[in-house]
Amino acid sequence: MLKTPSLFTPLEMRGLRLRNRIGVSPMCMYACAPDGLATPWHLVHLGARAAGGAGLVVAEATSVAPEARISLADLGLWSPAHAQALKPVAAFIEAQGAVAGVQLAHAGRKGSTQVPWVGRRSVPPSEGGWSVRAPSALPFGPHGAPPQTMTAEDIARAIFQFAQAARHAVAAGFRYIELHLAHGYLAHQFMSPLTNQRVDDWGGGFDNRVRFSREVARAVRAALPDEVALAARLSVSDWLDGGWEPGDAFRLGRLLREDGVDLVVCSSGAIAPGSAPPGGPGAQLPYAARMRSETGVRAGAVGAITEPAQAEALIADGGADVVFLARAMLRNPNWSLHAAQALGAQAPWPLPYARAVGG
Ligand SMILES: Cc1cc2nc3c(=O)[nH]c(=O)nc-3n(C[C@H](O)[C@H](O)[C@H](O)COP(=O)(O)O)c2cc1C
């Protein structure tokens with residue numbers, strides 16, 4: 001009997017049992033009408049990757065409020081109607097044997113833009129956009145909308161909105177809730193000295209800059225049933241002088257673990273124009289191993305994972321607990337089933353597709 005490849009070893013986390021260590025990384029689809037309700041696109045896109053054998057399928061950055069969106073086409077979870085629209089999506093993912101997850105997000109100063117294929121131009125309120133708010137009144141680059149500084153009430157409201165959205169996510173049937181604390185969105189704007197110039201309790205030293213993320217994590221954890229897993233995605237580095245650094249991220253990882261976070265996904269960059277891993281996202285892969293070893297929290301690795309052997313090595317060598325794939329999953333929804341074949345693991349194709357394999 002051959003040993004099961006590490007990539008296909010189940011992972012237990014609270015009430016979850018992932019059938020393998022392969023996660024579909026959250027990816028904005030910009031496929032909603034301006035109301036933020038899920039459409040058939042979400043069912044087909046996420047459902048195909050669940051049928052394609054992934055252990056965990058995470059729906060895109062999903063806005064906790066209308067003013068939390070990146071664009072008018074973003075998915076939302078700010079009302080029971082949004083949960084209702086996502087219910088069939090989560091149910092289908094789970095029916096395929098995958099765990100249904102969703103990433104909760106607030107864009108802060110990176111909100112009110114066109115969808116990327118139109119050009120990311122900021123959309124003024126006169127054209128259906130909104131006036132963006134952020135920790136400090138600093139725009140994202142020369143073409144970003146000028147944000148208003150968030151008041152203490154704005155901050156409290158945003159924390160409450162994350163907790164409310166988490167309740168809606170559970171009502172929709174999601175069992176893995178990921179907080180988007182990365183990629184230059186609102187929580188990251190609080191963390192990075194490049195975007196936070198506040199002099200109150202929410203800015204200044206490290207403890208004040210991470211306060212927003214920690215308060216969100218605690219509020220969401222308190223809103224979730226015990227068996228639902230809570231994850232957080234961090235940009236481990238800004239890759240810019242004077243910015244947020246890996247040492248800060250590991251320190252925060254330890255605190256988030258105390259706050260009830262079960263897994264930290266290690267991404268990087270996107271706090272400002274030019275904030276990106278040198279040579280592409282593969283450069284951030286080693287951070288997951290360090291997050292695990294330095295904090296004891298489970299870690300997810302993401303960035304240029306394309307080959308089954310590469311994913312297997314990351315899990316087998318302690319580089320990560322879960323690997324997340326984005327673009328490779330767009331290219332091939334059945335990536336996980338092909339990886340099982342390549343590594344000699346048992347992972348049956350869905351019965352209606354059985355004739356695709358074995359001649
Ligand atoms: C189309 C697309 C949409 C994305 N949307 C999100 C998102 O909603 N949330 C997020 O955290 N990352 C998002 N990302 C980043 C990916 O999740 C991932 O971190 C990045 O693409 C690197 O992984 P890869 O090399 O496997 O593509 C997106 C990436 C792509 C390609």
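Biologist: Which residues line the largest cavity?
Modeller: Rolling a probe the size of a water molecule over the atoms shows where empty space is left. Here the largest cavity is lined by Ala61, Ser63, Ala68, Ile70, Asp74, Ala105, His106, Ala107, His180 and Tyr185. A cavity is a set of points, on a 1 Å grid over the protein atoms alone, where a 1.4 Å probe fits but cannot get out; a pocket is an open set with protein on both sides within 12 Å along at least five of seven lines, and lining residues have an atom within 4 Å of a point.

Modeller: Before going on: this is a predicted model, with local features needing pLDDT of at least 70 and side-chain atom pairs counting only at pLDDT 80 or more, while totals for chains, interfaces and linings use all residues. Residues are numbered from 1 along each chain as its sequence is written, and side-chain values use heavy atoms, leaving out hydrogens and water.

Biologist: How much space lies in the largest cavity?
Modeller: About 40 Å³, where a volume is the space filled by probe spheres set on the points, and grid points are joined across faces, edges and corners. The count is 1 cavity of 30 Å³ or more.

Biologist: And what volume does the largest pocket have?
Modeller: About 1,100 Å³. Of its 47 lining residues, Arg120, His183, Tyr185, Arg233 and Ala270 are closest to the centre. Helix 10 gives the most to this lining, with 4 residues; helices (H or I, at least four residues) and strands (E, at least two) are DSSP runs, numbered from the N terminus.

Biologist: Where does the ligand sit?
Modeller: The ligand takes up the space of the largest pocket, by the rule that more than half of a molecule's atoms lie within 2 Å of the grid points. Around the ligand are 15 residues, the closest being Ser25, Cys28, Gln103, Ala304 and Arg327; near means having a heavy atom within 4 Å.

Biologist: Which atom of Cys28 lies 2.8 Å from a ligand nitrogen?
Modeller: A backbone N or O atom. For Gln103, a polar side-chain atom lies 2.8 Å from a nitrogen atom of the ligand. The side chain of Arg327 has an N or O atom 2.6 Å from a ligand oxygen. The protein covers 81% of the 610 Å² of accessible area that the ligand has on its own (Shrake-Rupley method, 1.4 Å probe).

Biologist: What about the second largest pocket, which residues lie nearest its centre?
Modeller: Phe8, Ala345, Gln346, Ala347 and Pro348, among 20 lining residues. Its volume is about 310 Å³.

Methods: Polar contact = N/O pair within 3.5 Å; in protein donor to acceptor, adjacent residues only side chain to side chain.
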